[in-house]
Amino acid sequence: MSSLTSVREMAKEDTSAGASGLRSFLDQLKKDKELVQVKKKIQKGDEVFSIMWRLNSTDGPAFQAEVEGFDIPIVANLFGTKNRWARACGFPQDLEVGEYVERFMNLMLSKDKPAEPKVVMDAPCKETKFTGAEVDMGRYPILRWHKNDGAPYITMGMVVTQDEKFGRNVGIYRVSVLNKNTLTVLTNANQDIGIHVSRARARGLTSIPCAVVVGAEPAVYMSACTKLDLREDELKFASRFNEGKSIEIVKCDSSDIYVPASSEIVIEGELQLTETVQEGPMSEWHGYHEEKMKTLFMNVKCITQRRKPVFVTTVAGHEHSEEEVMHVIQQQGSLNRQCKQRITGFVRAGCPQAGRGFTVVVAINKRFPGWGKHAIAQAYSIPYVALTANNIIIVDEDIDPHSSEEVMWAISTRVDPERDVIMFPATPVNPLNPAARKRPEVFETTGITDVSVCSKMGIDATLKKFGSLEGHERPVSIPVRPDKETYERICAQWSEYGF
């Protein structure tokens, strides 16, 4: 096997996914000078981390590189800019975040049914197979991406599980390599995979089939990052990013789980439900080194792959990391869908990127006194907000939730802290919440590190235009804006003024 297969050669080998496949995506990135072939061979994982950190700071390109000691190249930062993410979704490039969120919400609310995945009998991911003693995770360039990481991590692996009632789940979860045939898998109780695990335990099972997919068509990655309802199938939803075309899937060799036929590498095994191991720390998306955790592990039984695979990877921690780019708009699309169903006067919602998902901003059309505080309580009823957000900020419709500057202006000029800030008592939340005051090593119900404890803050940053009914004894503040008619006329005649 050659140590570095050219992107153009790989694209020729992509027989299953057509123009939407990963190989074709790489080829197009190279054509547009959005993919760099690294000249220097990578020696250690923290080189990749530092390269990514600089690229994330500058909206840099994707890259492919050889790694010392491995004959499989890595590709990274594939979706690390807003425009590459948009390309992966099949969206126009150069739109504002709010426009992408709107498009994403419309996809989720669409009444047109996505296409069912198409089962095929043979696939590129079946070209090479390793079983039994041949299984060796050390064959792949899975490195300690940061010197503080407790293990090598598979950071772009899509974990596939199946439930008899709720069907298939495909999600990107934290996976580390313990040894040549053992992986850890993070299975939080509040995630779909955690629900699959708890239901399997209730049926008396001691393990369930599991697959970890590394590398597939971009549409599948986009779908795997999306917070869908429990009964929705990510491989079905992926067709929405694939021009409505079905995703081709193939049966695993060791179980009845189906995976994308175009996958680069498929790791098959059994997720153990009655034993745990210690995992971590890891450099996480929220910008901190997450402490050690108790988690479940997977015994690897079989690995299938392409003859010349590439290993897709990324790192997290930077505010503009690829992982943040991949999640932030999907997350907000899902949030907007739920807000529209629950919040009175809802206009739009956003999660400022610097808030790493822990701050939610909701704009409302306030037509009744007290709606700002009502909206805080209504937002709290949204599962994502209840489990993840530490701060809920309600603003008027003249404030763009995606603009940190506008939100900060609203907080600074429309909030009387004693009157407009509501503190909610500490409750169990996502275990990866860095602000949480406490995190038990083991949650007795699941046997793993599954919850932390944190309070929440609600801020009513709306104008108190109903006066004394909202505890405001002064005339309502009037935002400074140019006269609309005059401004539009000036803009239309701009060149006549000599500008």
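Among contacts in the chain (heavy atoms within 4.5 Å) between residues at least 6 apart in sequence, 71% join residues at least 24 apart. This is a predicted model, in which local features need pLDDT of at least 70 and side-chain atom pairs count only at pLDDT 80 or more, while totals for chains, interfaces and linings use all residues. Residues are numbered from 1 along each chain as its sequence is written, and side-chain values use heavy atoms, with hydrogens and water left out.

The radius of gyration, taken over C-alpha atoms, is 24 Å for the chain, which agrees with the value near 23 Å that a compact globule of 499 residues would have; the globule rule behind this is 2.2 Å times the number of residues to the power 0.38. Of the 499 residues, 55% count as buried, meaning under 20% relative accessible area with a 1.4 Å probe, protein chains only.

The secondary structure comes to 14 helices and 24 strands, where helices (H or I, at least four residues) and strands (E, at least two) are DSSP runs, numbered from the N terminus. Three of these strands form an open sheet with the order 4-12-13 and mixed pairing, and two strands pair if DSSP finds at least two bridges between them.

Strand 4 is joined by 2 bridges to strand 12 (residues 248–251), and the two run parallel. Within strand 12, Ile 249 is the bridge partner of Val 119.

Technical notes: Buried < 20%, exposed > 50% of the residue type's maximum accessible area, 1.4 Å probe, protein only.
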